[in-house]
Amino acid sequence: MRYMHNLTIVAPCYNEEEVLRETTKQLSALVDRMIAAKKIDSCDIVYIDDGSRDATWSIIEELQTSNKYVHGIKLAHNVGHQNALWAGLE
């Protein structure tokens, strides 16, 4: 019997517009390699926008439509790294 190996990456984001696309590119490439090597079966990258004041959320929305791994959660205001992480885990 083979078990499914699903990976979820939860990443709190605060004003990450300058690095978010590159981060996604690198994470997606790593995930693709892990799937090809049969180390995992699937992956979700969950970005939590922790009240960013820049274009972070619009980039997350864009990435959700162009990258099968990416999902986003937008918090109404900044709640801090730990609370944003907890929101993603919930």
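This is a predicted model: local features need pLDDT of at least 70, side-chain atom pairs count only at pLDDT 80 or more; totals for chains, interfaces and linings use all residues.
1. Overall make-up. The protein chain contains three helices and three strands, and, read from the N terminus on, these elements follow one another in the order β-α-β-α-β-α. Along its principal axes, the C-alpha trace of the protein chain extends over about 45 × 25 × 15 Å.

2. Surface and interior. Of the 90 residues in the protein chain, 31% are buried, and the accessible surface amounts to about 5900 Å², with 54% of that area belonging to carbon and sulfur atoms.

3. The three strands make an open sheet with the order β1-β2-β3, and their pairing is parallel. Its edge strands are β1, covering residues 6-13, and β3, covering residues 70-74, each of which pairs on one side only. On average, and with direction ignored, neighbouring strands in this sheet are turned by 20 degrees against each other.

4. The pairing of β1 with β2. Strand β2 spans residues 42-49, runs parallel to β1 and is joined to β1 by eight bridges.

5. Helix α1, made of residues 20-36, lies across β1, β2 and β3, and its direction is at about 160 degrees to that of β2. Helix α3, made of residues 81-89, also lies across β1, β2 and β3, in this case running at about 145 degrees to β1.

6. Asparagine 67. This residue sits in the loop between α2 and β3. Is asparagine 67 buried or exposed? Its relative accessibility is 13%, and because a residue under 20% is classed as buried, asparagine 67 counts as buried. When its neighbours within four places in sequence are left aside, asparagine 67 is in contact with Thr24 and Ser28.

7. Asparagine 78 is found in the loop between β3 and α3. With a relative accessibility of 40%, asparagine 78 counts as partly exposed, because that class lies between the limits of 20% for buried and 50% for exposed.

8. What surrounds asparagine 78. Not counting residues up to four places away in sequence, asparagine 78 touches Tyr14, Asp50 and Gly51. A polar atom of the side chain of asparagine 78 lies 3.0 Å from the backbone oxygen of aspartate 50, and the side chain of asparagine 78 also reaches the backbone nitrogen of glycine 80, at 3.4 Å. As for aspartate 32, it is 46 residues from asparagine 78 in sequence, and the two are 32 Å apart in space, taken from C-alpha to C-alpha.

Definitions and conventions:
Residues are numbered from 1 along each chain as its sequence is written. Side-chain values use heavy atoms; hydrogens and water are left out. Two strands pair if DSSP finds at least two bridges between them. Helices (H or I, at least four residues) and strands (E, at least two) are DSSP runs, numbered from the N terminus. Axes are lines fitted to C-alpha atoms, for helices over the stretch in contact, and angles run from 0 to 180 degrees between N-to-C directions. Contact means heavy atoms within 4.5 Å. Buried means under 20% relative accessible area, exposed over 50%, partly exposed in between (1.4 Å probe, protein chains only). A polar contact is a pair of N or O atoms within 3.5 Å; within protein, one must be able to donate a hydrogen and the other to accept it, and residues adjacent in sequence count only if both atoms are side-chain atoms. Accessible areas come from the Shrake-Rupley method with a 1.4 Å probe; for residues, only the protein chains shown count as cover.
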